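Here is a short tour of one protein model, for reading with the structure open beside you. Let us look at its elements, a pocket and the packing inside.

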Amino acid sequence: MTIEDIIKPENLVYKKPDIMNDRPMHYCPGCSHGVVHKLIAEVLEEMDIVEDTIGITPVGCAVFAYNYLDIDWEEAAHGRAPAMAVAIKRLRPNKLVFTYQGDGDLAAIGTAETIHACNRGDSITIIFINNGIYGMTGGQMAPTTLEGMKTATCPYGRNTRLNGYPLKITNLLKELDGTCYVTRQSVHTAAAVRKAKKAIRKAFENNINQKGVSVVEIVSTCNSGWKLSPEKANEWMEENMFPAYPLGDLKDTTGDNQAK
Amino acid sequence: MAKIKGAIVVNKERCKGCRLCVVACPAKVIAMSKQVNSKGYNYAQMANEDACVGCASCGIVCPDGCISVYKVKVD
């Protein structure tokens, strides 16, 4: 059997989701953002809810997410995505409203909006990309930067006496009564991507079933900011990020424990 | 015994040569090309065609959605 016999439309088992358009993404080679964009697109297509989805893009590397997924998007000021999501959800309660934010957006300038949006408990979904660094602006220290991790603004490693401790904001959000589902996932292997997809699906289902705020943290790599190759960045993340940000469900009050 | 055969098609122009698919492939099918695409990246390609089982691990981890996976059962 030749390759031409295998490559036929009826044998197709995996392809880029249709709502992800052909525009080349501006992300660095190997960036986790692309995988998460793809997962969102796949889940929306599987749920057949593309026409009823409103996404909110952050400020950060993912600021141009509206260029790559063909759904309705709003652009929020830096850190204000959850506030905007709550407003949109209250005006259009039947829409699936989600924010897509990085750690500088969600855990630094947007801390107040994030915490109060989660406390108000409107059914929005927050996709939180945590790579421990400010990627877009050139790799400065973020609140989530690990202890001892070197960045452009802490070249000798993060000193907790000077810079404080890594902010585990997802653990804070777990404690709020407005959140119904808080999970931490990763996209570094095929198995992890499948798990993350289940988590995003569950979060989106909570959204349309009006159950409360769902937070999906994706522990990600920033190989440019970390100054590593994509494969080395994945190894570094497993060794260093996962002990500080352990994967798994932190909270699930929806009564449906299918997504593990 | 039924055997599974797979094949991948890489969108060469979209590929940024990050090598994550090479690492993810359990059957060591994928290698980077010697040629470069119009952006100057060495793109992923099938080097060991017979070993592919169409598991789609490469496609799933590809950040840019460059890889389409085909799978067929042969008797």
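Helices (H or I, at least four residues) and strands (E, at least two) are DSSP runs, numbered from the N terminus. This is a predicted model, in which local features need pLDDT of at least 70 and side-chain atom pairs count only at pLDDT 80 or more, while totals for chains, interfaces and linings use all residues. Residues are numbered from 1 along each chain, chains are lettered from A in the order in which they are written, and side-chain values use heavy atoms, without hydrogens and water.

These elements of chain A each supply at least two residues of the lining of the largest pocket:

| Element of chain A | Residues |
|---|---|
| Strand S4 | 96-102 |
| Helix H4 | 103-109 |
| Strand S6 | 133-134 |
| Helix H9 | 223-226 |

A pocket is an open set of points on a 1 Å grid over the protein atoms alone, where a 1.4 Å probe fits, with protein on both sides within 12 Å along at least five of seven lines; lining residues have an atom within 4 Å of a point. Of the 30 lining residues, those closest to the centre include A:Gly60 and A:Tyr134.

Now to helix H8 of chain A, residues 190-208. After H8(A) comes A:Gln210, with a positive phi near 55°.

Which residues does B:Ile67 touch, leaving out those up to four places away in sequence? Among them are A:Tyr14, A:Lys15, B:Cys21 and B:Cys58, contact meaning heavy atoms within 4.5 Å.
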